[in-house]
Amino acid sequence: MTGQPPIIPLSPRGRLGVETLIEKSHAAPMDLNQVVPWRTGVDRQGVPKKMEHCWIYGTPWFDALTDAQRHEVLWLENARDVSMFILLEQTLPPLYMGYLNVHADALAPDVREYLMIFSKEEIMHTLMFRRYMKVARLPLFGAPDGLHEMLTVQLPKMHPVAGIIATLLLEWVAELSAMFVSQDDVVEPLTREMFYQHHLEEARHIAFGRWVGESFFEHAPDEQATQMRQMMRGLMARLVPQFTYNPEIARHTSFAFPIACGDQAAIDAVRYSERSLALNDRRFAPLYAWLRKVGVS
């Protein structure tokens, strides 16, 4: 690294934290074949989450479904969650390795190493999730509007700190959503264990993103900080509704889903209902608290 300040700055606390993340990553790398008991398979007679966590629970549309249809919907919602991890995590290694190659001389050695570890772990997560989808016989959902373009076209052209903060918000929303519904005794065992094992590494990625973000806001000029907060607000305004309800589910059900893909009024009614807003306040509480901490409300 040259005598210039590092392009991805970290506070002293963040630097110590990254050293710890590196040690933990090397100490217990994920083994794809051993991470979950693949031979037991996924019991589709069980549930991937509680019925009350169904996206449309508490609505007339949910009440109109049969028990079998509700069960099918739970598994398709789970397929969406896993699909989002796949679509996100397979784009991050090219993004982060791109930053490493373009800005190699401006990266601190520990940050350079962690970007490589981060990328390696995301590849393993993608392999795990794809294997799970095959074992569970679940369909892959498409990316929400604009997400793939943002990750593959826009973020590679932006400052690495912006890419890391955007990645943080994407991963944190997805991780909080998945852990909120999956870590319950009623959840199908392999599904519950897979999300838990993923969380062990994903929590480190989130910690890294938080330290980068906090260091940025501690030292950035006001104009740059304002622009970053605007980007973050805009991204959150898209992400939370997309994770609250995904209209693509209507394309995958074996029956006529009660909310058509293009019925924006019904989609918004689910996304912005009192129940959905209250649910989001609960599951995304840690993220919302951090956003307030860095001045994004």
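**Figure 1. Overall fold of the chain.** A compact globule of 297 residues would have a radius of gyration near 19 Å, and the chain has 20 Å, which agrees. That radius is taken over C-alpha atoms, and the globule rule is 2.2 Å times the number of residues to the power 0.38. This is a predicted model: local features need pLDDT of at least 70, side-chain atom pairs count only at pLDDT 80 or more, and totals for chains, interfaces and linings use all residues. Residues are numbered from 1 along each chain as its sequence is written, and side-chain values use heavy atoms, with hydrogens and water left out. The chain has 12 helices and zero strands. Both are DSSP runs, numbered from the N terminus: helices are H or I with at least four residues, strands E with at least two. Along its principal axes, the C-alpha trace spans about 65 × 45 × 30 Å.

**Figure 2. The largest nonpolar core.** This core has 99 residues. Helix α7 (residues 160–182) supplies its largest share, 14 residues. Ile56, Tyr132, Leu169, Phe208, Met232 and Tyr245 have the most contacts inside the core. A nonpolar core is a set of buried Ala, Val, Leu, Ile, Met, Phe, Trp, Tyr and Cys residues joined through side-chain atoms within 4.5 Å. Buried means under 20% relative accessible area, exposed over 50%, and partly exposed in between (1.4 Å probe, protein chains only). Of the 297 residues in the chain, 53% are buried.

Figure 3. Contact means heavy atoms within 4.5 Å.

**Figure 4. Val18 in helix α1.** Val18 sits in helix α1 (residues 12–27). It counts as buried because its relative accessibility is 0%. Not counting residues up to four places away in sequence, Val18 touches Leu10, Asp110, Tyr114, Phe208 and Trp211. Val18 and Phe208 are 190 residues apart in sequence, yet 6.7 Å apart in space, C-alpha to C-alpha. Across the chain, residues 24 or more positions apart account for 82% of the contacts with a separation of 6 or more.

**Figure 5. Arg137 in a loop.** Arg137 lies in the loop between α5 (109–136) and α6 (147–154). Its phi is near 55°, a positive value in a residue other than glycine. Arg137 counts as exposed because its relative accessibility is 59%.
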